[in-house]
Amino acid sequence: MSISIPRGTQDILPGDVELWQQIEQKARELCEKYQYQEIRTPIFEHTELFSRGVGDTTDIVQKEMYTFEDRGSRSLTLRPEGTAPVVRSFVEKKMFGYAKQPVKLYYMGPMFRYERPQAGRFRQFVQFGVEALGSNDPAIDAEVISLVMNLYKEMGLKKLKLIINSLGDKESRQAHRDALIQHFQPRIGEFCSDCQKRLEKNPLRILDCKVDRDHELMESAPSILDYLNEESKVYFEKVQKYLTMLDIPFEVDSNLVRGLDYYNHTTFEVMSDAEGFGAITTLCGGGRYNGLAEELGGPETPGIGFALSIERFIAALKAEGVDTNINEGIDCYLAALGEEAKDYTVGLLQKLRLAGFSAERDYLDRKFKGQFKAADRLNARYVAILGDDELKNNIINVKNMETGEQVEVALDSFIEYFQELQQ
């Protein structure tokens, strides 16, 4: 009986995983420059964390969570997103008391949502995200956006579009909420059942509906920008000013609402404009979530962050045809002829690796020609050739695979010679 991979998941094999590693490494390097430190939270949390933190009216909580009871009859959920667990840890570990403020964190790891798999969308997917907690400065909103834009650009993406909006503070959101209810209520029966439920609980989420997005009332819905109070307007204007100072182009879209309940003030999405990328063009989403820490039992703490899917990142790279130069090859392949020479290469291979070189030898008892073919497949820069006669004479031949030049080197000084070659 053969067992296949679960639907909505994938195996990332050698040849593909190197690109993942390259993205992860670049993300870590950027976070170090921006002074964000890594946090690792559990893959599963108490279900209440997401129903309270993400919002019980969201599609994630209502339709997409992998929830189960453990043997102690506790309801647990595989994490569908990263912000709520990070803020839970921030509150539980009292990071608000750290001397270094704001607390700037990043995470990278698998998330789980039960939804229909499609191109670039999986039931298990990997997110990279950052969270900055403890600052109300609109400059940190711009910093968070600049980090993700720089990550995309440094990996070679060019066809990007940044969309921003403001959801305002509590007062602004309440005024907009009342206007939305008044706008939709007379004809709410024409909308899907989800939107009918959202009308009273969270009418802002009607604007995020995929089913009714072409309804005429969507086009004429009240804009949040018309309901921003003076404080919210000034905040949003400063975010735009700072993005302009950072030479980050953006578009303001008053219909941009994030699907999670905890957002307020700045929200943003990064889209791919690459031809043939697909119907879902969003690469990254984020925004400000003042109030989430209090919801999870902590003190009043402003926060902002973003999350991106590595899978969609890779899809965008492929859509733009970005050359990621993954196959850099190895430094040296040891080709041996004769039993004594083969035995000797076991120790010589170890010496090369301990000296800091990527190296390989034959393990399949290939003929000499087969070993050279293996070296080619590994894109070896040099092949070191050792036979039983060379071993007796304390010599080894080193061939430059690019130029074809071959030199004879004393075996006992081979490592030193190879080190000089790389300088």
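**Note on the predicted model**

Pro 102 lies in the loop between helix α4 and strand β5 (103-112); helices (H or I, at least four residues) and strands (E, at least two) are DSSP runs, numbered from the N terminus. This is a predicted model, in which local features need pLDDT of at least 70 and side-chain atom pairs count only at pLDDT 80 or more, while totals for chains, interfaces and linings use all residues. Residues are numbered from 1 along each chain as its sequence is written, and side-chain values use heavy atoms, with hydrogens and water left out.

1. The peptide bond between Gln 101 and Pro 102 is cis, with omega at about -5°. Lys 94 is also placed in the loop between α4 and β5. Lys 94 is not a glycine, yet its phi is positive, at about 55°; this residue comes just after α4. The side of the protein on which Lys 94 falls is clear from its relative accessible area of 54%, which makes Lys 94 exposed. Here buried means under 20% relative accessible area, exposed means over 50%, and partly exposed is in between (1.4 Å probe, protein chains only).

2. **Helix α4 itself.** Helix α4 covers residues 83-92, and nine of its ten residues are buried. The buried residues are Thr 83, Ala 84, Pro 85, Val 86, Val 87, Arg 88, Ser 89, Phe 90 and Val 91. A student may wish to trace them in the model with one rule in mind: an α-helix has 3.6 residues a turn, so residues three or four places apart point the same way.

3. **Other positive phi values.** Asp 247, a residue other than glycine, has a positive phi near 60°. Asp 247 belongs to the loop between α9 (230-245) and β8 (251-252). With a relative accessible area of 65%, Asp 247 is exposed.

4. **Helix α13.** This helix runs over residues 368-377, and its buried residues include Gly 370, Gln 371, Phe 372, Ala 374 and Ala 375. Among the elements that cover the buried residues of α13 are the strands β12 (332-337), β14 (382-387) and β15 (395-400).

5. **Cysteines.** How many disulfides does the structure hold? There are zero, a disulfide being a pair of cysteine sulfur atoms within 2.5 Å. The cysteine sulfur closest to that of Cys 192 is in Cys 195, at 3.6 Å, which is too far for a bond. Cys 284 is likewise in no disulfide, and the nearest cysteine sulfur, that of Cys 31, is 12 Å away. Cys 192 is buried, with a relative accessible area of 16%. Cys 284 is buried as well, at a relative accessible area of 1%.

6. **Glu 143 and its contacts.** Glu 143 sits in helix α5 (residues 138-154). Leaving aside residues up to four places away in sequence, Glu 143 touches Tyr 34, Tyr 36 and Lys 104, where contact means heavy atoms within 4.5 Å. Glu 143 and Val 239 are 96 residues apart in sequence, and their C-alpha atoms are 9.7 Å apart in space.

7. **Arg 198.** Is Arg 198 buried or exposed? Arg 198 counts as buried, at 4% relative accessibility. Its place is in helix α7 (residues 193-201). Arg 198 and Ile 248 are 50 residues apart in sequence and 35 Å apart in space, from C-alpha to C-alpha.

8. **The protein as a whole.** The secondary structure comes to 15 helices and 16 strands. The radius of gyration is 28 Å, whereas a compact globule of 423 residues would have one near 22 Å; this radius is taken over C-alpha atoms, and the globule rule is 2.2 Å times the number of residues to the power 0.38. The C-alpha trace spans about 95 × 55 × 45 Å along its principal axes. Of the 423 residues, 50% are buried. Among contacts with a separation of 6 or more, 69% are between residues 24 or more positions apart.

9. **Surface and charge.** The accessible surface is about 21700 Å², with 47% of it belonging to carbon and sulfur atoms; accessible areas come from the Shrake-Rupley method with a 1.4 Å probe, and for residues only the protein chains shown count as cover. The mean positions of the 52 positive and 68 negative charges are 3 Å apart. Lys and Arg count as positive and Asp and Glu as negative, while His and the chain ends are not counted. Each charge is placed at NZ of Lys, CZ of Arg, CG of Asp or CD of Glu.
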